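Let's take a walk through this structure together, starting with one of its pockets and then moving on to the ligand.

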Amino acid sequence: MPFFQAPPTLGNQYTDDRLLQSYLRRVLPEEVRRDIEPQLVRMGELAGGELYEMQLADRLNEPRLTPYDPWGRRIDRIELTPLWRRAAVIAAEEGLVATAYEQAHGALSRIHQFALCYLFDPSSDVYTCPLAMTDGAARTLLTHGNRALIERAVPRLLSRDPRRMWTSGQWMTERTGGSDVGRSETVARLVDGQWRLYGTKWFTSAATSEMALTLARPEGAAEGSRGLALFYLETFDEHGQRCGIRINRLKDKLGTRKLPTAELELDGAVAVPVAGLDHGVRAIAPMLNITRIWNAIGAIGGMRRALALAQDYAQRRVAFGAPLAEQPLHQETLAEMAADLEGAFHLAFFAVELLGRAETGMAGGGEAELLRLVTPLSKLTTARQAVVVASEALECFGGAGYVEDTGLPRLLRDAQVLPIWEGTTNVLALDALRVLGRGEALRALRAEVERLCAAAQEPPLVGVAQGVLAGLGACERFVATTSGRALEAGARRLALSLGLLLEQALLLRHAQWSLSAEQDDQPLAAVLRLAARPLPLLHGPREWMRQKG
Ligand code: MFK
């Protein structure tokens with residue numbers, strides 16, 4: 001009989017997910033959990049069933065740009081893949097953005113929303129990208145209180161009707177750079193009482209969105225980000241034609257291949273200032289902070305998918321006389337991946353919890369500054385873990401993980417964008433430094449970590465707690481005693497240390513609860529693995545060599 005390998009399969013992605021269910025049991029009151037669970041089961045079924053099957057079947061199909069109609073008229077039409085069209089309907093009907101604003105469960109609605117998104121993301125071919133920007137745009141418009149724009153756009157961004165729901169773009173990146181946004185060259189001109197934008201946007205994700213928030217420099221305004229203004233624009237006129245916007249081409253990217261990312265030309269697009277005519281970067285920051293939390297959710301969604309496939313395959317694949325799942329070294333590999341996922345999961349959802357509290361006026365002392373710090377920490381830490389776990393997952397499949405039509409290489413390609421967009425690791429590490437410079441955030445972090453560590457009762461968890469507090473102390477000393485270029489050089493090591501320490505603290509608290517409430521020792525095993533890993537050296541080798549003389 002010929003030998004065939006059995007492909008991995010997925011079950012219901014909610015009912016199969018011990019980690020998500022256990023977390024929700026701890027953080028949600030029973031009646032809230034019972035209320036939202038049927039929807040989570042439905043989303044888990046879609047993610048492991050219909051959407052996953054569509055994803056595999058439609059692997060090679062990609063969005064297509066048609067610049068002209070047969071008669072030479074410029075149309076710049078982008079055709080989306082079937083899965084994206086289906087995802088748009090699901091996103092509206094399931095309220096993947098709206099849930100957070102309807103606040104049926106107050107501050108906990110963010111947990112509800114992001115639990116859904118965590119399930120949806122890995123089967124959505126990154127449709128979570130436009131949803132992240134839509135959420136960010138709604139928050140930004142609401143923050144600035146521009147009534148006319150709020151009334152026009154927010155009900156559409158939050159609609160549960162797929163025919164009515166809009167998504168938003170976040171057009172920031174220009175040829176001058178994606179990190180140093182202050183160098184943006186797009187100009188805003190006041191023409192007959194209307195602002196019109198002229199310039200090139202170099203990376204515009206989800207170029208099919210009905211609106212966008214973007215930055216442009218009003219003519220004559222100052223250099224740098226201070227002279228930029230935040231603008232709102234609609235991308236189609238009432239006849240469905242693009243107005244003052246040309247799509248030059250779609251990007252040919254390593255991953256996120258189903259996501260139409262365009263280079264586009266603004267040639268007189270009508271736009272409306274959202275919040276005055278300066279300090280545009282500061283004005284768009286609410287959007288950045290929301291999309292960075294979505295990024296962390298995308299990271300854990302991707303890690304969960306990689307692990308689910310690898311775990312399933314390990315049951316089926318027999319080598320050297322036994323299924324991989326029974327072989328100690330393979331078990332060890334899967335357990336290390338699971339530990340990464342558990343730590344990253346709790347860090348991402350901690351950011352979500354803080355966001356929910358801040359938005360509903362429930363944030364207590366120091367929590368606003370803590371959210372400001374945890375946002376870049378969770379984004380940068382989970383994104384890097386997502387790449388490591390995706391890479392490891394491919395290796396778990398041997399050669400099959402390297403073969404395109406298994407659908408597996410996509411896991412790694414789609415993970416690789418996570419540390420890049422929405423601010424690279426270095427940009428976010430510097431952002432964390434910006435916040436740490438104000439002092440309050442580090443004090444709030446210490447208070448939180450001490451509270452989490454105080455939950456430890458089992459001796460191994462007490463040991464983890466001691467290690468976390470010692471690590472945090474080292475970070476605090478580094479911040480207090482380092483300055484200038486040395487502090488900047490250490491920013492990534494510092495931010496990753498803080499992110500990983502916070503993961504351990506959050507996971508140890510959950511592990512203690514899980515032992516008592518569920519008699520489950522898997523979170524304990526996971527946190528022991530994380531605690532056994534070395535943290536990045538705060539002083540890099542160059543620093544150490546210099547001190548050594
Ligand atoms: C499932 C996945 C979903 C994710 C989907 C995402 C799709 C996204 C597609 C994209 O990638 S869109 C492009 C994303 N681009 C970025 O994230 C930009 C990365 N670069 C930075 O973040 C730079 O740090 C930054 C542009 C902010 C530097 O700007 P500046 O103006 O050179 O720095 P400055 O002067 O420190 O900041 C200006 C003001 O903004 C300051 O406030 P003040 O004016 O009051 O002093 C800062 O404090 C404030 N600010 C900067 N970042 C902030 C912030 N405030 C709050 N939160 C932040 N994150």
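**A pocket, a ligand and the domains around them**

In this predicted model, the lining of the second largest pocket is made up of 14 nonpolar, six polar and nine charged residues. That lining counts 29 residues, and those nearest the pocket's centre are Thr 208, Ser 209, Glu 210, Thr 235 and Phe 236. The volume of this second largest pocket is about 730 Å³. If you look for the elements that build the lining, strand E2 (74-79) and helix H4 (82-93) each contribute at least two residues.

Where does the second largest pocket lie? Its lining takes residues from both domain 1 and domain 2, so the pocket lies between them.

Now turn to the ligand. The shell around the ligand draws residues from domain 1 and domain 2 as well, so the ligand lies between these two domains. There are 28 residues around the ligand, and Ser 225, Arg 282, Asn 289, Arg 292 and Arg 434 come nearest. By type, the shell holds nine nonpolar, twelve polar and seven charged residues.

The largest share, ten residues, comes from H9.

Zooming in further, we can look at single atoms. Arg 292, one of the residues that come nearest to the ligand, has a polar side-chain atom 2.9 Å from a ligand oxygen atom. On the nitrogen side, a ligand nitrogen atom sits 3.0 Å from a polar backbone atom of Ser 179. A side-chain N or O atom of Arg 372 is 3.2 Å from a nitrogen atom of the ligand. Taken on its own, the ligand has 1,200 Å² of accessible area, and the protein covers 79% of it.

Key:
Residues numbered from 1 in each chain as written. Predicted model: local features only at pLDDT ≥ 70, side-chain atom pairs only at ≥ 80, totals over all residues. Heavy atoms only, no water. Near = heavy atom within 4 Å. Polar contact = N/O pair within 3.5 Å; in protein donor to acceptor, adjacent residues only side chain to side chain. Areas by Shrake-Rupley, 256 points an atom, 1.4 Å probe, with all protein chains shown as cover. Helix = DSSP H or I, 4+ residues; strand = E, 2+ residues; numbered from the N terminus. Nonpolar A, V, L, I, M, F, W, Y, C, P; charged D, E, K, R; others polar. Domains from an automatic or database assignment. 1 Å grid on protein atoms, 1.4 Å probe; cavity = no way out; pocket = protein on both sides within 12 Å on 5 of 7 lines; lining within 4 Å. Points joined across faces, edges and corners; volume = space filled by probe spheres on them.
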